[in-house]
Amino acid sequence: RSHLKPRVQGTHSMSKIALVDDDRNILTSVAITLEAEGFEVETYNDGQAALDAFNKKMPDMAVFDIKMPRMDGMDLLQRVRQKSKMPVIFLTSKDDEIDEVLGLRMGADDYVKKPFSQRLLVERIRALLRRQDAISGDASGVEVEETKLMVRGNLSMDPLRHSVSWKGLDVSLTVTEFLLLQALAQRPGFVKSRDQLMDVAYDDQVYVDDRTIDSHIKRLRKKMRMVDNDFSAIETLYGIGYRYNEE
């Protein structure tokens with residue numbers, strides 16, 4: 001999973017990426033790299049400045065540092081998730097393991113540890129944008145089956161609209177949460193290992209550990225239980241993976 005694929009020129013050019021970090025060196029160097037890759041970049045050195053701009057117009061995706069003045073990355077994510085499902089990547093330091101888990105549970109799509117390879121960050125940005133395209137049905141080569149309305153008992157998923165409902169009630173999911181739920185619900189009763197779920201939610205060149213998938217599943221269950229306290233369709237098989245049981 002650590003092997004990087006060759007870069008494809010032109011993919012997602014002019015997607016707007018927001019960088020939010022109080023370290024000006026990181027802001028400048030990452031912005032230069034992303035602009036060279038064809039992205040449009042907006043930079044902010046604290047969460048409040050970013051939120052003020054987002055309230056006027058949301059970018060296509062964002063990269064947040066966690067520890068920032070005025071408003072930290074956690075608070076900013078919480079505010080963003082009240083109105084947008086745009087993909088969000090957290091930048092974390094080596095001693096931020098608790099923050100990583102908390103960030104994923106709050107709705108971040110991914111995290112990258114500092115110090116990080118800028119190439120790796122670019123690959124993760126591209127991976128999340130590709131997945132968002134696939135959900136929207138905008139990506140070339142998306143199979144028709146993957147864009148059809150899927151109904152499994154009380155669950156209804158519409159990939160074209162990125163909408164999910166449970167017993168007729170809407171559930172708001174991030175890109176990663178949607179893809180994980182879709183992968184599990186496509187074949188009720190069949191077990192998906194964490195490795196299989198990683199393949200669904202991340203590109204081959206992106207390494208994530210088991211805990212990352214577990215955090216996304218916990219967040220997914222929590223959201224489903226907000227509309228139905230008795231939701232239990234996603235079953236954990238310890239040491240094996242997860243299974244969706246049609247109710």
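User: Which side chain does the side chain of aspartate 214 make a polar contact with?
Analyst: A polar contact here is a pair of N or O atoms within 3.5 Å; within protein, one must be able to donate a hydrogen and the other to accept it, and residues adjacent in sequence count only if both atoms are side-chain atoms. This is a predicted model, where local features need pLDDT of at least 70, side-chain atom pairs count only at pLDDT 80 or more, and totals for chains, interfaces and linings use all residues. Side-chain values use heavy atoms, leaving out hydrogens and water, and residues are numbered from 1 along each chain as its sequence is written. At 2.6 Å, the partner of aspartate 214 is the side chain of tyrosine 242.

User: How are α7 and α8 oriented to each other?
Analyst: The axes of α7 (residues 194-201) and α8 come within 10 Å and cross at roughly 75 degrees. Angles of 65 to 115 degrees count as roughly perpendicular, under 35 as roughly parallel, over 145 as roughly antiparallel and the rest as oblique. So α7 and α8 are roughly perpendicular.

User: Which residues of α8 meet α7?
Analyst: Contact means heavy atoms within 4.5 Å. From α7, the residues taking part are Arg194, Leu197 and Met198. On the α8 side, they meet Asp210, Ile213 and Asp214.

User: Is serine 165 buried or exposed?
Analyst: Serine 165 sits in strand β8 (residues 163-166). Buried means under 20% relative accessible area, exposed over 50%, and partly exposed in between (1.4 Å probe, protein chains only). Because its relative accessibility is 15%, serine 165 counts as buried.

Methods
Helix = DSSP H or I, 4+ residues; strand = E, 2+ residues; numbered from the N terminus. Axes fitted to C-alpha atoms, helices over the stretch in contact; angles between N-to-C directions.
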